Amino acid sequence: MSLPFVVALSGASGAIYGVEILRALKAAGRSVHLVITESAARTLAIETDVSLDAVRKLADQCHSNKDVGAAIASGSFLTAGMVVAPCSIKSLSAVANSYSHNLLTRAADVTLKERRKLILMVRETPLHKGHLELMARAADLGAVILPPMPAFYHRPATVDDIVAQGVGKVLDQFGVEHTLSERWKGE
């Protein structure tokens with residue numbers, strides 16, 4: 001049996017990325033532990049028509065962001081890695097500075113200390129130097145900084161196409177097979 005993934009949604013814009021990552025992992029038959037911050041729940045309601053309960057049903061296990069005693073807060077709990085999608089600058093800052101004040105940031109810190117893959121889908125623009133320095137610091141600690149930046153070679157026709165391409169990039173990082181977007185084959 002394969003190891004579970006940890007998926008966390010923070011309060012940045014782009015909640016649909018987290019939702020679609022959950023859907024893709026479920027379709028791939030992968031187990032998921034989910035953390036949704038309070039701000040993420042609010043953003044989800046503002047940006048999508050997907051209910052919080054529906055998102056929770058996409059995961060095998062849901063954890064309160066306040067539960068720093070959850071299994072995913074310990075390095076002895078084996079996982080395939082973690083993705084924070086979307087990742088707010090606040091969450092990025094906490095991860096980059098090892099400030100484990102809630103379950104999302106504690107699980108991310110554990111992922112890094114155990115040398116597992118941590119992907120941060122940072123959602124902010126424009127970026128000032130402090131944001132860039134936080135991303136560099138998180139990358140120096142071992143995180144993969146993967147902002148959802150759309151490609152256009154596959155000629156996306158809808159927002160769903162753009163989101164699928166970003167989700168595919170995350171799945172590629174974890175070696176999860178998918179057909180979410182067309183791959184470049186050359187000219």
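Touching, or contact, means heavy atoms within 4.5 Å. Keep in mind that this is a predicted model, where local features need pLDDT of at least 70, side-chain atom pairs count only at pLDDT 80 or more, and totals for chains, interfaces and linings use all residues. Residues are numbered from 1 along each chain as its sequence is written, and side-chain values use heavy atoms, with hydrogens and water left out.

Val 7 and Ile 21 have the most contacts inside the largest nonpolar core, which has 30 residues. Such a core is a set of buried Ala, Val, Leu, Ile, Met, Phe, Trp, Tyr and Cys residues joined through side-chain atoms within 4.5 Å. Buried means under 20% relative accessible area, exposed over 50%, and partly exposed in between (1.4 Å probe, protein chains only). Strands S1, S2, S4 and S5 and helices H1, H2 and H7 each supply at least two residues of this core. H1 gives the most, with seven residues. These elements are DSSP runs numbered from the N terminus: helices are H or I, at least four residues, and strands are E, at least two. Another core, of 25 residues, lies apart from this one, with Ile 72, Leu 112, Val 122 and Met 135 among them.

Now to helix H7. H7 has 16 residues and reaches 23 Å from its first C-alpha to its last, close to the 22 Å expected at 1.5 Å a residue; the expected span is 1.5 Å times one less than the number of residues. Its buried residues include Val 163, Gln 165, Leu 171 and Phe 174, and what covers the buried residues of H7 includes S1, H1, S4 and S5. Just after H7, Gly 175 takes a positive phi of about 75°.

Ser 181 lies in the segment after H7. Leaving aside neighbours within four places in sequence, Ser 181 is in contact with His 154 and Gln 165.

Finally, the cysteines. How many disulfides are there? The count comes to zero, a disulfide being a pair of cysteine sulfur atoms within 2.5 Å. The sulfur of Cys 62 has its closest cysteine sulfur in Cys 87, 19 Å away, so the two are too far apart for a bond.

| Cysteine | Burial | Relative accessible area |
|---|---|---|
| Cys 87 | buried | 0% |
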